[in-house]
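Let's take a friendly walk through a protein model, one piece at a time. Have a look at the structure below before reading on.

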Amino acid sequence: MTDLTPSRPSVAVAYFSGYGHTAVLAEAVQRGAADAGAHVALINVATITDEQWRQLDDADAIIFGSPTYMGGASAGFHTFAEATSQRFREGRWADKAAAGFTNSGSKSGDKSNTLAFFAAFAAQHRMLWVNLGLAPGWNSTTATENDLNRLGYWTGAGAQTMVDGGTDAVHDADINTAEHLGARVARQAALVVAGRVALSTTFVA
Ligand SMILES: Cc1cc2nc3c(=O)[nH]c(=O)nc-3n(C[C@H](O)[C@H](O)[C@H](O)COP(=O)(O)O)c2cc1C
C-alpha cells in the first residue's frame, strides 16, 4: 500500500550577519521552524559550503535574512544572491516557499527596502512568498514595545538593535517575532508537502 504520510518539511535559513545581531534572529527563526516540526538547516551565506548549497536546493522553504546596510540588504547577502543566478536560470528553486527578515540600527532604517528585495529575489526564483502573518504591535495606547511585530511589518520580520549594543541587545520581541516567522513558514511548507502527497493520489497527470 502506498504510504501517504507526508514527510516533515525541510526549511533552510540563509542569512548574512556582519556583527552577529542578525545571526541571533536567524537562530530564532531556526528555533521557531524546528519547534513547528521542520528539519532546519541554518546557513551563514558568507561561509556557504557545497553541502549547504545542496540543502538549499532540497529545502521545501528558504527564509532569507540580512541586516539592513546603507538602506538595503548587505553586500554579503547580495554576493550570495548573485551566486544563485544559475539556479535562477534553471528554475531550481521554483515553487519553494520563501520569506525574509532583517535587522537595523534605526527603528525604521529603511528596512522595507531589504524585505522588498527579498520578495523580488524570491519572485525571480519563482518561489512562493510567505508574509509575516501578524497584526502590527506597539501602535496603540495599550500596546507596548514587547509586542510581537512591535515595528509593524507585514512583508517579513523587521527587527531593530541599538548600534552600540552587543548581540545580547537584540530585543526579545524581535526574537519572538523571528520565531513566529520560522514557525509560520514551517507550517506553510508542511501544507505544501502534504498537498503534493494528496495531489499525487487524486490526479493523473
Ligand atoms: C555598513 C553599515 C551600514 C548600515 N546601514 C544601516 C541603515 O541603512 N539603516 C539602519 O537603520 N542601520 C544601518 N546599519 C546598522 C545595522 O543595520 C545594525 O547595526 C545591525 O544590527 C547590524 O546587524 P549585524 O550585526 O547582523 O551585521 C548599518 C551598519 C553598517 C555596518
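## What covers helix 5

The buried residues of helix 5 are covered by elements that include strand 3, strand 4 (72-73), helix 3 (75-83), strand 5, strand 6 (128-129) and strand 7 (157-160). Covering here rests on contacts, where two residues have C-beta atoms, placed from the backbone, within 7 Å. Helices (H or I, at least four residues) and strands (E, at least two) are DSSP runs, numbered from the N terminus.

This is a predicted model: local features need pLDDT of at least 70, side-chain atom pairs count only at pLDDT 80 or more, and totals for chains, interfaces and linings use all residues. Residues are numbered from 1 along each chain as its sequence is written.

Which residues of helix 5 are buried? They are Lys-111, Thr-114, Leu-115, Phe-117, Phe-118, Phe-121 and Ala-122. Seen down the helix axis, the buried residues of helix 5 fall within an arc of 155° (taken from the directions from the axis to the C-beta atoms), so they line one face of the helix. An α-helix has 3.6 residues a turn, so residues three or four places apart point the same way.

On the other side of helix 5, Ala-120 and Ala-123 are exposed. A residue counts as buried if 20 or more other C-beta atoms lie within 10 Å of its own, exposed if 12 or fewer, and partly exposed in between, with C-beta atoms placed from the backbone. Just after helix 5, Arg-126 takes a positive phi of about 60°.

## A closer look at Thr-114

Thr-114 is found in helix 5. Why is Thr-114 called buried? Because 29 other C-beta atoms lie within 10 Å.

Leaving aside residues up to four places away in sequence, Thr-114 touches Ser-66, Thr-68, Gly-72, Ala-73 and Thr-102. The C-alpha atoms of Thr-114 and Asn-103 are separated by 9.3 Å, and these two residues are 11 residues apart along the chain.

## Around the ligand

How many residues surround the ligand? There are 19, and the closest are Gly-18, Tyr-19, Thr-22, Ser-104 and Gly-109. Helix 1 (21-35), strand 3 (61-69) and strand 5 (97-104) each give two or more residues to this shell. Strand 3 supplies the largest share, three residues.

## The annotated domain

The UniProt record (an unreviewed entry) places the feature "domain: Flavodoxin-like" at residues 11-159. Over residues 11-159, the chain is 36% helix and 23% strand.

Definitions and conventions
A residue is near a molecule or strand if its C-beta atom, placed from the backbone, lies within 6 Å of it. UniProt positions are given in the numbering used here, feature names are shortened, and annotations may be inferred rather than shown by experiment.
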